[in-house]
Amino acid sequence: MTVLYKANMVRGAEWARFFAERAPDVPFRLWPDIGDPAEVRYLVAWVPPDDIATTFPNLGLVFSVGAGVDQFDATKVPAHIPLVRMLEPGIAETMVEYVTMAVLALHRDLLHFINQQKEQVWREIRITPAKRRRVGVMGLGQLGQAVLERLRSFDFPLLGWNRSPREIAGVTCYAGAEALPEFLAKADILVCLLPLTDETRGILNADLFARLPRGASLVNVGRGPHLVEADFLAALDSGALSGAVLDVTDPEPLPAGHPFWSHPRILLTPHNASMTTPDTAVDFVLDVIARHRRGEELPGRVDRSRGY
């Protein structure tokens with residue numbers, strides 16, 4: 001029974017060390033050193049290799065090394081093989097830090113101050129109390145709920161929207177397409193934490209921006225294809241949006257000269273909002289492997305009909 005890792009090789013070395021410490025009886029290999037393909041029972045990957053079914057005839061489980069699985073071509077993973085997304089706590093902790101930073105930066109007008117500094121302008125901006133700045137989160141899975149829990153401490157009025165109903169203490173929750181307009185109308189800062197599916201691709205578009213309060217701002221930590229670039233830039237230029245923090249783009253990285261690089265109302269980071277932590281990720285993988293061998297329900301198992 002071999003566990004094969006195919007992702008960032010620097011972090012892969014850390015995975016190997018933790019596996020050696022915590023599961024010395026489990027063979028662990030780093031791509032491309034696959035050993036005997038017939039021995040590979042578990043695959044941990046960002047993008048799986050081609051011909052996965054024929055290459056690894058005894059594969060029993062595939063882990064995404066990240067919180068999402070949109071980078072996978074699910075058609076290449078046979079339907080009988082479970083696909084599991086990473087639920088280790090390091091992803092949630094780092095995402096919470098980033099979104100909190102982004103929301104506070106937009107709330108306290110940091111983009112304006114950065115531009116004023118460049119222009120050597122000393123001009124104060126009146127502070128809006130947090131209790132009058134409504135923050136709405138799209139996507140109420142593990143990450144969305146963790147973000148809302150942290151934001152509660154700042155006294156923001158909190159809203160949440162999800163495909164299916166949720167109940168979260170201290171958060172006004174909305175569910176389904178019919179409730180989306182009401183949710184958007186109350187979101188002064190909108191945080192996108194949706195999975196990327198056929199239904200959510202391009203959801204951050206002109207129609208959505210028009211439904212937000214004028215001058216609202218955006219945090220996109222979902223995926224780049226959620227955002228319709230032309231609509232987004234038009235919303236910034238018209239004042240429909242006052243600013244944005246983007247951690248994801250399409251493509252990644254952006255080409256030289258792309259307008260996002262130099263736009264004064266965009267703070268751009270290189271898909272770095274959250275990161276799998278090898279220490280806790282190994283614990284999660286070992287727990288799921290043990291559950292799989294016992295025939296139990298698998299945490300993080302992807303519903304292929306929904307795409308997450």
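Modeller: Buried means under 20% relative accessible area. By that cut-off, Thr2, Leu4 and Lys6 on one side of β1 are buried, and so are Val3 and Tyr5 on the other. Bear in mind that this is a predicted model.

Colleague: How many residues of strand β1 are buried?

Modeller: Five of the five, residues 2-6, so β1 is largely enclosed by the rest of the structure. Both of its faces are covered.

Colleague: OK. What does β1 pair with?

Modeller: Five bridges join β1 to β3, residues 40-45, and the two run parallel. Three bridges join β1 to β2, residues 28-30, also parallel.

Colleague: Which residues face each other there?

Modeller: Tyrosine 5 has valine 44 as its bridge partner in β3. Valine 3 stands opposite tyrosine 42, also in β3. On the β2 side, leucine 4 partners arginine 29. The chain gets from β1 to β2 through helix α1, residues 9-22, in a right-handed β-α-β crossover.

Colleague: What's the strand order in that open sheet?

Modeller: β2-β1-β3-β4-β5, five strands with parallel pairing. β2 and β5, the latter at 83-84, are the edge strands, each pairing on one side only.

Colleague: Switching topic. How confident is the predictor?

Modeller: The mean pLDDT is 96, and 100% of residues reach 70 or more. Confidence is lowest in helix α2, residues 52-55, at a mean of 90. It is highest in strand β9, residues 189-192, at 99.

Colleague: How many residues are in the largest nonpolar core?

Modeller: It has 52 residues. Those with the most contacts inside it are Trp15, Phe19, Phe63, Val191, Val221 and Val285. Helix α3, residues 89-107, gives the largest share, nine residues. Apart from that core lies another of 31 residues, among them Leu208, Phe232, Leu233 and Leu246.

Colleague: Zoom in on phenylalanine 19. What is it in contact with?

Modeller: Leaving aside neighbours within four places in sequence, phenylalanine 19 is in contact with Val3, Pro24, Val26, Phe28, Val282, Val285 and Leu286. Val3 is one of the buried residues of β1.

Colleague: And arginine 22, where is that?

Modeller: Arginine 22 is found in helix α1. It is partly exposed, at 33% relative accessible area.

Colleague: How far apart are arginine 22 and valine 248?

Modeller: 34 Å in space, C-alpha to C-alpha. In sequence they are 226 residues apart.

Colleague: Let's do β7. Is it largely enclosed, or open?

Modeller: Largely enclosed by the rest of the structure, because five of the five residues of β7, 158-162, are buried. Leu158, Gly160 and Asn162 point one way, and Leu159 and Trp161 the other way.

Colleague: Which strands are joined to β7 by bridges?

Modeller: β6, residues 135-138, is joined to β7 by four bridges and runs parallel to it. Methionine 138 stands opposite tryptophan 161 there. The chain crosses from β6 through helix α5, residues 142-151, to β7, and that β-α-β crossover is right-handed. β8, residues 171-175, is joined to β7 by five bridges, again parallel. Leucine 158 has valine 171 as its partner in β8.

Colleague: Which residues of α5 are buried?

Modeller: Leu143, Gly144, Val147, Leu148 and Leu151. They cover an arc of only 130° around the axis, which puts them on the same side of α5. What covers them includes α3, β6, β7 and β8.

Colleague: Last one: which residues of helix α4 are buried?

Modeller: Leu111, Asn115 and Gln116, in a helix that spans residues 110-118. These fall within an arc of 135° seen down the axis, so they line one face of α4. Their cover includes α3, β11 at 241-246 and β12 at 266-268. After α4 comes glutamine 120, with a positive phi near 55°.

Terms used: Residues numbered from 1 in each chain as written. Predicted model: local features only at pLDDT ≥ 70, side-chain atom pairs only at ≥ 80, totals over all residues. Heavy atoms only, no water. Core = buried A, V, L, I, M, F, W, Y, C linked by side-chain atoms within 4.5 Å. Buried < 20%, exposed > 50% of the residue type's maximum accessible area, 1.4 Å probe, protein only. Contact = heavy atoms within 4.5 Å. Pairing = 2+ DSSP bridges. Right-handed = clockwise from strand over helix to strand, strands pointing away. pLDDT = per-residue confidence, 0-100. Arc of directions from axis to C-beta.
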